[in-house]
Amino acid sequence: MTSIDIDAPGTSQLLVGNEAIARGALEAGVGFAAAYPGTPSSEILGSLAQVAKNAGIYAEWSINEMVAMEAAAGASFAGIRALAAMKQNGINVVSDFLANLVMSGIGKGGLVLVSCDDPSAISSSNEQDTRPIAQWLDIPLVEPGDFQEAKDMTKWLFDLAEELGTLCMLRSVTRIAHARGNVKLGKLPKKQHKAHFDQVHDLKNVMPTTLMPVPSSLRHYFLHVKIDKAREKFESSSFNRYVGPDKADLMVITSGNCWLYSQDAVKALGLENRVGILKLGTLWPMPEKFIRKHLGNSQKILFVEEIDPFLERSVMEIVANLPSSSPRPTFYGKRSGHINAYGELNPNMVIKAISNILLLTYQPRDVEYSKKAEASAKSNVPERSMTFCAGCPHRATFWTIKNAIKLDGRGGIVTGDIGCYSMGLGPAGFFQVRTMHCMGAGAGVANGLGKLGQFGFDQPVLAVVGDSTFYHATIPALINGIYNQSKFILVILDNSATAMTGFQPHPGTGITAMGEPTQAISMEALCRSLGARVEICDPFDLKSTTATLLEMMSEGGGAKVAIMRRQCELLRAKKEKPPYRVYVDTEKCIGEACGCDRLCTRVFLCPGLTWDKKVGKSKIDEVICNGCGVCVDICPQGAIVREAA
Amino acid sequence: MSRNAKGCKELFEEVIDVGLCTLCGACAGGCPYLVYYKGRIALLDNCARMDDAQCYEYCPRTYLDMNEISQKIFGMPYDDGEIGTTQEVLMARSTDSVIRGKAQYGGVVTTLLSLALTEGFIGGAILTKTSDDKTPSPFLAQTVDEMLQCSGSSYMACPVLERYNQIPKDTGGKLGLVAMPCQVLAVAKMKAHPPQNRVSINNVRLVIGLFCTWALSPDKFYQFLEEHLDLSKVKKFDIPPPPANRFDVFTTSDRTSFPLEQVGKFTMPTCAYCLDMTSEFADISVGAAEGIEGWNTVIVRTDTGAKLMKMARQKGKLQVDTLPPASLAHLKEASLLKKKRALKEIVKKSGDMNNLLYVGLSPRFTEKLLA
């Protein structure tokens, strides 16, 4: 694989979209990069951190997106080009800072925010379009349509940010971020970074000056000036272009990955002479003149975009402001129902929309063949549901939570948030998680539930949170719960990793993004210093962990903390051999004759345990089993055996 | 009522969730799903099995065919009298003053158990032990000393049969059991239809049933006591005979009395629907001899019971006397009254004269009780 700092200008390299963005930042001379990991953005900082030492730049995994963005702004204020990258929900966390940052302006170092959306929420808790946030906060916004643009746009954005004196944003989506394509590289700058915080800034960057602070309303005015200037720049940007006949039967307006789908669709239909494509790369502020110039290309306009009708609304707004004598095209898109209003698109969906508008019949392939192909593909797919890995400590934790809640008998509630442990909503976590919103929300929601005693509420409340999420977004909620005496148990699932996004370090791990050792922040010391009762449990010890939770549930008082400490099984398995050899004693397993009703493979559901249909007994899948040995303690017949490996 | 296709779901719907559970423990401990915890039966996961729902089958509050069970235990139809099938009704007390000092009344239960153990009748007995914090829990006593530790009553329900279900099925020796009437009923059901996948019910060689008018809900009553007393100092509980109308708690140094109505609030709701005062399917039933302090009433019901009683007399372990006719009459009257009252409550609960919930008596006897 190509390292993103390869010094080979003019050559083409195969890069993942996120690497292309990182390379663009390197070519722009970025000095400071910060991010919190999250799909589909993680590889941007991941790849920058790998080359940071060699490239003489600084890269960090920040505690959360807000700090990442603020830290990057700090670097910008001292004249260093800086980048912050985040998943779609990250920008929500940062929005308070952003709303103020656009008013203050940035420093002398260009400042770029990369926000990566996840249409269809393939690996997210929600589906959200972050493009309207750029519009809402007046942030110049671009979106790459391929891998080359991902690199080139990123590089250009730093120049633009410095020229305008405002934060600029690049929006990417999963299919750009995680796909791979050829990128022609540019030069890497040789300049040395020199940071200095100037006490006096020009009016463009309304940072502390020797003058009186500028009133907010005036700063808003300056921002609008910057946006107008950005629009001017966008009018002539080569990232916006029209390809197609001068008089088309239909014009597609699109951007990003949807541009690729649109090209595929037009080609597949053989309509290059009838359908034109207006591809936009600079999305906000809209290049109005450029769009107006092309509006006459066709009487019919189809908007091809994912999630929100962002282009659709913006273009309609432009059309609404045209003189009354101007021709009014017919619009097709989400509003008309030709394009899905949620979820990802694909070329086939675009083909359908175009065929529908132009009254064409298009059959991509024979219906019978299609059915057979689908059946054949399905027959090769093993039956598996979404679940925790074999040996995952979360399974054991949810087992103890479930049993403790059932034994307690007051209808205990588990609030949660996002992470591997979100699977606690389903069979993997025995359907224990009842609420799942943004990072840290479980603890916040628990704060409210835990104060309802005066209204007759007696249900125990347990908020589950991952270790990385604990540092990211939970500490204020815990402090609130302790201070306001809210009755809940914060259950920290400490698997010593940001496991879901790829094992990035967090403040509990004692290592930085650049691989340097640092002082780990002890979560138990932190919680105890707040005055919370803290219990540290080994989730693999089902009996004592259940007893601890039960006892904590019955105790009065405010917020408490139970730390479930077991390293992520994937991390452990990378380093060492399984601790046990686990097998089923076929004499002791009496199969259906046992009163357990297949507790092991019907309820516990570790993928390492399978039901041997032929002999009607439980069986360990030795390939999948990681040898944690927890199932030994759930088998009522004692038929599962663990031997020290 | 069909019993074949019912499982834990129905057990909850028909028994536990409607306040009929006796906490006998017959459904718990035999599978990974049903567990006794602090005065409740908890269902840890749903069991999807339908073929072999022993939890439902052995519950003393699911359908009881009294005639069928009586046939299995006594070889004759159910005795439509007041106190069930009897061979002999006596009064007795232990000759051992240590046992008498510790026991609730005459110490007959502890004496019979230790005799059964020393004579090799049984290898151990599942009893109710009041732990240091005064919560009752099932205990498998295997020495005379351990049996002595279990003497005396806590008046609280205790899931004795969960302990039976937990005994590894291949390792159980000959067992004795001291049980409340509801628990004796569950054991009788097991004897009538032996359960699978647990220690054989044939290992239970001796069932000593206790007289019972009601039991206290362990968790709630425990909380109540805890609010009023230092439980670590409690030595004994007692309900002195009428007209005292009080519940006594003896500590090392003194006695605290509560009005019976106050304690009555913690009675298990299910006791109102119980027809059995004298553990009618036990080998021997033992209770207080009302009005005769320091003595027990003993009902010998089976040959096993008779054999043990005979041995106890021969070996001079028990002092035995005839129960005064007035006391016997009073016992029968009280027992019959419990049946009548319970059946009326059952009809009230079901709202239907023909729906007696779990009770399967002969139409003639049912009619007589409801009259």
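Modeller: Let us begin with a definition: a contact means that heavy atoms lie within 4.5 Å. In chain B, residues 24 or more positions apart account for 70% of the contacts with a separation of 6 or more. The structure is a predicted model, in which local features need pLDDT of at least 70 and side-chain atom pairs count only at pLDDT 80 or more, while totals for chains, interfaces and linings use all residues. Residues are numbered from 1 along each chain as its sequence is written, chains are lettered from A and ligands numbered from 1 in the order in which they are written, and side-chain values use heavy atoms, with hydrogens and water left out.

Colleague: How many helices and strands does chain B have?

Modeller: Helices (H or I, at least four residues) and strands (E, at least two) are DSSP runs, numbered from the N terminus. Chain B comes to 13 helices and 15 strands. The radius of gyration is taken over C-alpha atoms, and the globule rule is 2.2 Å times the number of residues to the power 0.38. For chain B the radius is 19 Å, close to the 21 Å that the rule gives for 371 residues, so chain B is as compact as a globular protein of that length. Its C-alpha atoms fill a box of roughly 50 × 50 × 45 Å along the principal axes.

Colleague: What percentage of the residues in chain B is buried?

Modeller: Buried means under 20% relative accessible area, exposed means over 50%, and partly exposed lies in between (1.4 Å probe, protein chains only). By that rule, buried residues make up 55% of the 371 residues in chain B.

Colleague: How much area do chain A and chain B bury between them?

Modeller: The size of an interface is often given as the accessible area lost when the parts come together. Buried area is here the accessible area (1.4 Å probe) that two parts lose on being put together, summed over both. Chain A and chain B bury about 1,400 Å² between them, with 50% of it on carbon and sulfur atoms. On the side of chain A, Lys406(A), Leu407(A) and Asp597(A) lose the most area to chain B, together 35% of what that side buries. The contact takes 21 residues from chain A and 16 residues from chain B.

Colleague: Which salt bridge in chain A involves Glu149(A)?

Modeller: Glu149(A) pairs with Lys279(A), the closest N and O atoms being 2.6 Å apart. This pair links distant parts of the chain, with Glu149(A) in helix α6 (residues 147–164) and Lys279(A) in strand β11 (residues 275–280), 130 residues apart. Both Glu149(A) and Lys279(A) are buried. Another salt bridge joins Arg175(A) to Glu344(A), with closest N and O atoms 2.7 Å apart. Arg175(A) is partly exposed, at 41% relative accessible area, whereas Glu344(A) is buried, at 15%.

Colleague: Is Thr282(A) buried or exposed?

Modeller: Thr282(A) is buried, with a relative accessible area of 0%. It is found in strand β12 (residues 282–284) of chain A. Its side chain makes a polar contact with the side chain of Asn240(A) at 3.0 Å. Not counting residues up to four places away in sequence, Thr282(A) touches several residues, among them Leu141(A), Trp156(A) and Phe234(A).

How values were computed: A polar contact is a pair of N or O atoms within 3.5 Å; within protein, one must be able to donate a hydrogen and the other to accept it, and residues adjacent in sequence count only if both atoms are side-chain atoms. A salt bridge is a side-chain nitrogen of Lys or Arg within 4 Å of a carboxyl oxygen of Asp or Glu.
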